[in-house]
Amino acid sequence: MTETVEAVGGDGQGGARAAEPGQATEQDCPACGERIPVDGRFVVWCAACGWNTDPGGGGGRSGGSRVDQLRRTLAHRYGEQLFTDLGREPAGAPTARSGPAGAAGVLATVLALFVHGITVALVVWGLWLLIAGWGAGFQPALGALLLALAVTLRPRFGSLAKIRHGAPMLERSGAPELFALLDEVAGAVGTRGVDVVLLDAGANASVRTYGIRQHRALRLGLSLWAVLDRQERVALLGHELGHYAHGDTRHGVLVGSALRSLGTWQYMLAPNHGETIMDQLGNVLTALPRLAVHGMLLLLDQATLRASQRSEYLADTSAARTAGVDAAAGLMDRLLVTGSARTVLQRETVTARTRIGTTARRDDPAEGLWGRIATQVAAVPEREYERLRRVAELRGHSVDATHPPTHLRRRHITRGGHRPAVVVLDASRSAAVDAELQEAARTVARRVLRDGYLA
Ligand SMILES: [Zn+2]
Ligand SMILES: [Zn+2]
């Protein structure tokens, strides 16, 4: 089953704004009068009183439907509670899979089985009508219709082609150094490596399982990979593979497929916007099942929310154990500035399209793209990190409820104290990995500059 287990971080609020390199000057804070630095590339804010810390967010809790707001509130509560709970467990101990996520996990499993049970019932009912009702008017036709419905709703094992989406792919044979590193990190977190690595332009990473035999695919977003230092890259791999080590995927297969089936129901039962009597009548008839599906989705979402947040904290623990606490904490910081990476990418896309570039490298704008993103992100000053940390704290779960707030994740990582790395990526090995990625990375760069970046 195709299951997105995880994306390493959801948001990346803010980031660099304007393109012009800033001439740093100063101004008075309009709120408290403190002298504050002004850098044209970044938001001007006051560290003393918090003025303008999050100009675009408004606290982040106002937008969206009532359901979204409820979800955020609960997610925030879970995030804080889990942070406290996990703090009581001995640091570095192999984290138990049971515990607070247990009851919700059972509920999620029951709900998922119920959803698939409906599909099974449709098969049985359809077959019955088809066979027992043969020759009896419309019954076989109805039976065939029910069977077709069941086929649409069946749990699906994702195929590699589907999750790949045409992304450049690396396999063991073509990238021995990368896969050796993945195997080593996997060994350190207590699982096996992945079967393929997919590359895209995003500022994120994720692991997925596909096919009936549950093969593993790692998706690496080059906008994130490029801005990480060597140990932070190990931390990223440790986090992703940590999801497998903590058994998140087994849970995900059943529940994930049930969520997809419910999504199909929701699509089929969506109200008609037509004006005719028939449209209206149809809407009335589907109202009740529509409500039921909506309720099921909400319940399942709530039942899995806590478990998915917990799995993020545990994956972070794996990252810290593998790459060292400092690198894992560094990864959290880098997640804060993914907005800057996106800004650079968008700017580069526009430049490549309008061809207003002046330097020689414009022969092939894709050349060195990831390096330029890394340079730009490396230039983000500590003061901007501090602001983004505060934004993350202010907004809490405004963007992605499956991830605990980044500041809590960072605190969770560092509270065990300093721990050394188990896997060390030295310069020569890192260069070998880069060389293996180079060709695919160039392809991704060309594509993103051609098609634009829309994430
Ligand atoms: Zn994760
Ligand atoms: Zn102030």
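**Figure 1. Gln214 in the loop between strands E6 and E7.** Gln214 belongs to the loop that runs between strand E6 (205-210) and strand E7 (215-221). The model shown here and in the other views is predicted. Although Gln214 is a residue other than glycine, its phi is positive, near 55°. With 23% relative accessibility, Gln214 counts as partly exposed, because the partly exposed class begins where the buried class, under 20%, ends.

Figure 2. His165 is not a glycine, yet its phi is positive, at about 55°. The relative accessible area of His165 is 71%. His165 is therefore classed as exposed, the threshold for that class being over 50%.

**Figure 3. The crossing of helices H11 and H15.** Helix H11 covers residues 338-354 and helix H15 covers residues 427-451; their axes come within 8 Å and cross at roughly 70°. The two helices, H11 and H15, are therefore roughly perpendicular to each other, since that class takes in angles of 65 to 115 degrees. On the H11 side, the contact is formed by Leu345, Glu348, Thr349, Ala352 and Arg353. On the H15 side, Val448, Leu449, Arg450 and Asp451 take part. By residue type, the contact of H11 with H15 divides into 4 nonpolar, 1 polar and 4 charged residues.

**Figure 4. The salt bridge between Glu184 and Arg429.** The side chains of Glu184 and Arg429 form a salt bridge with an N to O distance of 2.8 Å. Glu184 is located in helix H5 (residues 176-189) and Arg429 in helix H15, so this pair ties together parts that are 245 residues apart in sequence. Are the two partners, Glu184 and Arg429, buried or exposed, or do they fall in between? Glu184 is partly exposed, at a relative accessible area of 34%, whereas Arg429 has a relative accessibility of 17% and counts as buried. Arg429 is placed in the buried class because that class holds values under 20%.

Figure 5. Arg35 is partly exposed, with 46% relative accessible area. Arg192 pairs with Asp195, and here the closest N and O atoms lie 3.5 Å apart. Both residues of this pair are partly exposed: Arg192 has a relative accessible area of 39%, and Asp195 has a relative accessibility of 26%. Elsewhere, Asp333, Glu382, Glu386, Arg389, Arg390 and Arg410 are joined into one network by salt bridges that share partners.

Figure 6. Leu146 is part of helix H3 (residues 139-153). Its relative accessibility of 9% places Leu146 among the buried residues. Which residues does Leu146 touch, if those up to four places away in sequence are not counted? They are Leu122, Trp125, Gly126 and Leu129. A further spatial reference is Thr119, which is 27 residues from Leu146 in sequence, with 9.4 Å between the two C-alpha atoms.

**Figure 7. Gly105 in helix H2, shown with Leu300.** Helix H2 (residues 101-132) includes Gly105. Gly105 is buried, its relative accessible area being 12%. Gly105 and Leu300 are 195 residues apart along the chain, and their C-alpha atoms are separated by 9.7 Å.

**Figure 8. Cys32 and Cys49, with the whole chain as context.** Cys32 is partly exposed, at 38% relative accessibility, and Cys49 is also partly exposed, with a relative accessible area of 40%. The protein chain contains 15 helices and 7 strands. Of its 455 residues, 49% are buried. Among contacts in the protein chain with a separation of 6 or more, 73% involve residues 24 or more positions apart.

Technical notes:
Residues numbered from 1 in each chain as written. Chains lettered and ligands numbered in written order. Predicted model: local features only at pLDDT ≥ 70, side-chain atom pairs only at ≥ 80, totals over all residues. Heavy atoms only, no water. Buried < 20%, exposed > 50% of the residue type's maximum accessible area, 1.4 Å probe, protein only. Helix = DSSP H or I, 4+ residues; strand = E, 2+ residues; numbered from the N terminus. Axes fitted to C-alpha atoms, helices over the stretch in contact; angles between N-to-C directions. Parallel < 35°, antiparallel > 145°, perpendicular 65-115°, else oblique. Contact = heavy atoms within 4.5 Å. Nonpolar A, V, L, I, M, F, W, Y, C, P; charged D, E, K, R; others polar. Salt bridge = Lys/Arg side-chain N within 4 Å of Asp/Glu carboxyl O.
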